[in-house]
Amino acid sequence: MEVFYYMVFGVLAAVVAALELSKSNKDRINTSSAFNSFKNNYLIVYSLMMAGDWLQGPYVYYLYSTYGYGKGEIGQLFIAGFGSSMLFGTIVGSLADKQGRKRACVTYCITYILSCITKHSPQYKVLMLGRVLGGIATSLLFSAFESWLVAEHNKRGFDQQWLSLTFSKAIFLGNGLVAIVSGLFGNVLVDTLSLGPVAPFDAASCFLAIGMAIILSTWTENFGDPSENKDLLTQFRGAAVAIASDEKIALLGAIQSLFEGSMYTFVFLWTPALSPNDEEIPHGFIFATFMLSSMLGSSLASRLMARASLRVEGYMQIVFAVSAASLILPILTTFVVSPTKEKGGGISFAGSIQLLGFCTFESCVGIFWPSIMKMRSQYIPEEARSTIMNFFRIPLNIFVCVVLYNVDAFPITVMFGMCSIFLMVACILQRRLMVIAEKPKAGEWQMKERDTESEPLNI
């Protein structure tokens, strides 16, 4: 493997280590022992849940190809997963608010374990069922756990700022360290031990089962809307009204969809971008480098959110602008660097530049996750949190399905350009969200006016 990859990985690892070791008191949040126990319990569960998800990711496409399915059939399976998340996500989110978030988290474990079991069958219908179950599980993963955490945090009376600490640590561990270890562990199972491409899915089932046992034994139940007479349609209507009536919620949903849509598109595009002429690139090592970049971002986010004077809405504008610039690099390199026609070989100079840009984008992803979680905890009403969060995923899943269906219809530079434009729009909407969030409410204006009128004039 080329020295360049080791250099990038080594520099990122050194920066992450330096950031973590150099944290001063102003970069840390003073918390209680009760909160630390609560936080650590959640982080263990969240890390196990993410391990179950990360173990599967690198081997889904490979497993389907070993069963003899072509690119078109595999694409349909992926579309089924995102389509399932879009169709059933809002329903399971509403059920989580009504029936209980702990129960929804247990349902996630069971559903994902069943999805893993289907991978043992080469039958297309069984694999399709597995993708549908996986789509439902993904909706629960990105809504039920966060909803349970926010509700339980508030119920126990912990400081609101402490939420940012849990969010940043969860992303640092679950989307960074656990992702790297899971990728290496999966590689050992498949390549070193030669257990076959199904082995990571079996390992994922074990981690999910362990996490489910911890949830059942240590978590308490919490709900969204406690009303017993609200059916699903009423919950949907209430969530839609909340989004339509509060511009901050609508903006937050649009920002999330634009960024995550670009992020999931990037997942499909980075491999052909770095190896346009079938260059030999170490996919697993590059994936680990991306996850290390994400850890760098989450480490920066924890420092930023530890400062009460620094608003999330402010610095996220810069993050979106930087991410837009990083994804436009594949377009710029086509004009600046002369393309090569040689097949195979190592990564090209243009590919090296793009890799650095992609690492920058992944660092922005690491900042995005805890920051968007913090904003969701501030703006989304508790009674319909899971429902609204899954409403946000509807346009995202539609966008990803369209991209997957037309992935061969457009040049890769057009796709990156589209993502860059979406991220700049997200930057503009973030600016609008900050302006609205800074405006005092009508009641506050009236109170200020009354206070002004009652104050004596000092002459």
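On a 1 Å grid over the protein atoms alone, a cavity is a set of points where a 1.4 Å probe fits but cannot get out, and its lining residues have an atom within 4 Å of a point. Glu 20, Lys 23, Ser 168, Lys 169, Phe 172, Ser 298, Ser 299 and Ser 302 line the second largest cavity of this structure.

The model is predicted: local features need pLDDT of at least 70, side-chain atom pairs count only at pLDDT 80 or more, and totals for chains, interfaces and linings use all residues. Residues are numbered from 1 along each chain as its sequence is written, and side-chain values use heavy atoms, with hydrogens and water left out.

**Cavities**

The structure holds two cavities of 30 Å³ or more. A volume here is the space filled by probe spheres set on grid points, which are joined across faces, edges and corners. Residue classes are as follows: Ala, Val, Leu, Ile, Met, Phe, Trp, Tyr, Cys and Pro are nonpolar; Asp, Glu, Lys and Arg are charged; the others, Gly among them, are polar.

| Cavity | Volume | Lining by class |
|---|---|---|
| Largest | about 130 Å³ | nine nonpolar, one polar, four charged residues |

In the largest cavity, 14 residues form the lining, and Leu 141, Phe 142, Glu 146, Met 373 and Arg 376 lie nearest its centre. Helices H2 (33–54), H7 (144–155), H11, H15 (349–379) and H16 each give two or more residues to this lining. Helices are DSSP runs (H or I, at least four residues), numbered from the N terminus. For the second largest cavity, helix H8 (162–192) and helix H12 (283–305) each supply at least two lining residues.

**Domains**

Domain 1 spans 40–223 and domain 2 spans 230–439. These bounds come from an automatic or database domain assignment. The domain centres, taken over C-alpha atoms, are 20 Å apart. The largest cavity draws at least three lining residues from each domain. The second largest cavity also draws at least three from each.

**A helix pair**

Helix H11 (247–274) packs on helix H16 (385–405) at about 35°, with axes 9 Å apart. Axes are lines fitted to C-alpha atoms over the stretch in contact, and angles run from 0 to 180 degrees between N-to-C directions. Among the residues that meet are Leu 252 and Phe 268 in H11, and Phe 392 and Leu 396 in H16. By class, this contact has 13 nonpolar, six polar and two charged residues.

Methods. Contact means heavy atoms within 4.5 Å. On a 1 Å grid over the protein atoms alone, a cavity is a set of points where a 1.4 Å probe fits but cannot get out, and a pocket is an open set with protein on both sides within 12 Å along at least five of seven lines; lining residues have an atom within 4 Å of a point.
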